[in-house]
Amino acid sequence: MKRILLAGLGLLAILLTGATPAESPVNLARLMDATPAPTLDAYGLFQDAAARQPSASLTPYALNSPLFSDYAEKLRFVYLPPGGQAQYRPTGVLEFPVGTTIVKTFAYPADFRQPDKDVRYVETRLLIRRPSGWVPLDYVWNKEQTSAVLKRAGSRFDVAFTNAAGKPVSFSYSAPNANQCKECHALSETLTPIGPKARNLNGDFAYPGGATENQLAHWTKAGLLTGAPALETIPATPHWQDEKTPLNARALAYLDANCAHCHNARGIANNSGLYLDLEQQSVVNRGVGKRPVAAGRGAGGFDFDIAPGHPEQSILLHRMASREPGVMMPQLGRSLVHDEGIALITAYIAGMDAEPAAH
């Protein structure tokens with residue numbers, strides 16, 4: 001059975017199926033303005049100031065295996081300018097035209113056992129393609145949920161929720177500053193989107209109105225994507241929680257989503273020699289039996305990024321399990337430890353044949 005990707009929170013799917021009033025078009029000129037709008041609603045990306053009703057010009061989407069961000073739910077949309085089309089690429093992100101805006105809202109239900117009730121938006125990030133390149137902007141939501149305000153210097157505030165197991169969770173949430181956005185989105189020192197690769201979009205999505213369709217097929221049919229070959233020839237990133245998929249494939253998908261934006265041959269951590277993108281073929285570059293380039297306190301006194309058969313001796317897992325600045329990985333984008341991710345990578349490393357490590 002195919003896994004169906006949903007449009008973020010169930011609340012969003014419900015809202016999108018309802019009748020909507022006449023709307024104003026997306027303000028493309030404002031998106032292209034070098035001076036960013038002080039509030040999110042100025043762009044016309046949503047029909048209401050609370051951003052619960054997206055413009056008809058926005059297309060919702062999801063990623064096959066999303067990044068962990070302190071358990072936040074994410075509502076993703078893409079806006080392409082009139083007549084604009086994304087170009088298919090077999091690897092890396094799709095080639096998007098000038099004017100494209102990628103919209104991602106981070107949200108928390110008060111209780112994850114009731115994900116459609118009392119949903120709090122915390123931030124909405126925009127990635128806008130202007131003639132000079134991609135520009136990141138972050139808008140943080142007020143407590144009243146009536147407005148999102150530009151925060152170029154970042155922001156920190158308290159978040160609390162009840163998790164799926166019924167346990168209360170509270171922590172200090174960090175919205176990134178502009179430089180932090182650039183660090184994570186840098187590829188050969190050029191800012192770029194991370195998620196919308198063909199392999200991450202090659203999955204079924206439950207669209208508003210009840211239709212379920214492969215995202216690449218839907219984008220092609222809607223005129224948003226050109227150049228895509230037959231779907232069966234396009235790889236698909238597995239979801240790291242899909243237990244029908246082999247453990248190793250799920251673990252590699254998790255590391256790709258959570259680590260490879262920096263840990264790839266063109267990323268900000270390229271000097272580490274640890275490359276965790278799915279395209280990486282070298283087992284050693286994936287960290288197996290690999291000694292770290294620099295053995296500082298982040299290494300935890302261990303010798304190898306991944307010690308086959310020994311998760312308790314693996315630097316990668318040690319840093320994933322840490323919340324200490326300078327040790328924890330990823331360094332940005334999380335404050336909490338991802339327990340489910342830790343369990344997956346622990347099983348992945350424990351299942352490796354404990355042969356002598358490569359030097």
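Where is the place of Pro330 in the chain? I looked there at the start. Pro330 sits in the loop between helix H7 (315-320) and helix H8 (339-350). Helices here are DSSP runs of H or I with at least four residues, strands are runs of E with at least two, and both are numbered from the N terminus. The peptide bond from Met329 to Pro330 is cis, and omega is near -5°.

**Ground rules.** I am working on a predicted model, where local features need pLDDT of at least 70, side-chain atom pairs count only at pLDDT 80 or more, and totals for chains, interfaces and linings use all residues. Residues are numbered from 1 along each chain as its sequence is written, and side-chain values use heavy atoms, with hydrogens and water left out.

**Overall shape.** I counted secondary structure next. The chain has eight helices and 15 strands. Its radius of gyration is 20 Å, close to the 21 Å of the globule rule for 359 residues, so the chain is as compact as a globular protein of that length. That radius is taken over C-alpha atoms, and the rule is 2.2 Å times the number of residues to the power 0.38. Along the principal axes, the C-alpha atoms fill a box of roughly 65 × 45 × 40 Å.

I then checked burial. Of the 359 residues, 50% count as buried. Buried means under 20% relative accessible area, exposed means over 50%, and partly exposed is in between (1.4 Å probe, protein chains only). I also looked at contacts, meaning heavy atoms within 4.5 Å. Among those between residues at least 6 apart in sequence, 56% join residues at least 24 apart.

**Cores.** A nonpolar core is a set of buried Ala, Val, Leu, Ile, Met, Phe, Trp, Tyr and Cys residues joined through side-chain atoms within 4.5 Å. The largest one has 24 residues, and Leu40, Tyr43, Leu45, Leu126 and Tyr139 have the most contacts inside it. Two or more residues each come from strands S3 (73-79), S5 (101-109), S6 (119-130), S7 (133-141) and S8 (148-150). Another core lies apart from it, with 22 residues, among them Leu127, Trp134, Leu201 and Ile234.

Beyond its neighbours within four places in sequence, Leu45 contacts Val26, Leu31, Pro54, Ser55, Leu58, Tyr79, Thr101, Val103 and Leu126.

**Arg130.** Is this residue buried or exposed? Arg130 is buried, at 8% relative accessible area. It is found in strand S6. Leaving out residues up to four places away, Arg130 touches Leu31, Met32, Asp33, Ala34, Val98, Val135 and Leu137. Arg130 and Leu31 are 99 residues apart in sequence, yet 8.3 Å apart from C-alpha to C-alpha.

**Val93.** I found Val93 in the loop between strand S4 (86-87) and S5. Val93 is buried, with a relative accessible area of 10%. Which residues does Val93 touch, not counting those up to four places away in sequence? They are Thr192, Pro193, Ile194, Pro196 and Lys197. The C-alpha atoms of Val93 and Asn200 are 9.2 Å apart, across 107 residues of chain.

**Positive phi.** I noted two cases. Tyr71, a residue other than glycine, has a positive phi near 70°. Tyr71 lies in the loop between strand S2 (58-61) and S3, and is partly exposed at 26% relative accessible area. Asp118, also not glycine, has phi near 50°. Asp118 is in the loop between S5 and S6, and counts as exposed at 61% relative accessibility.
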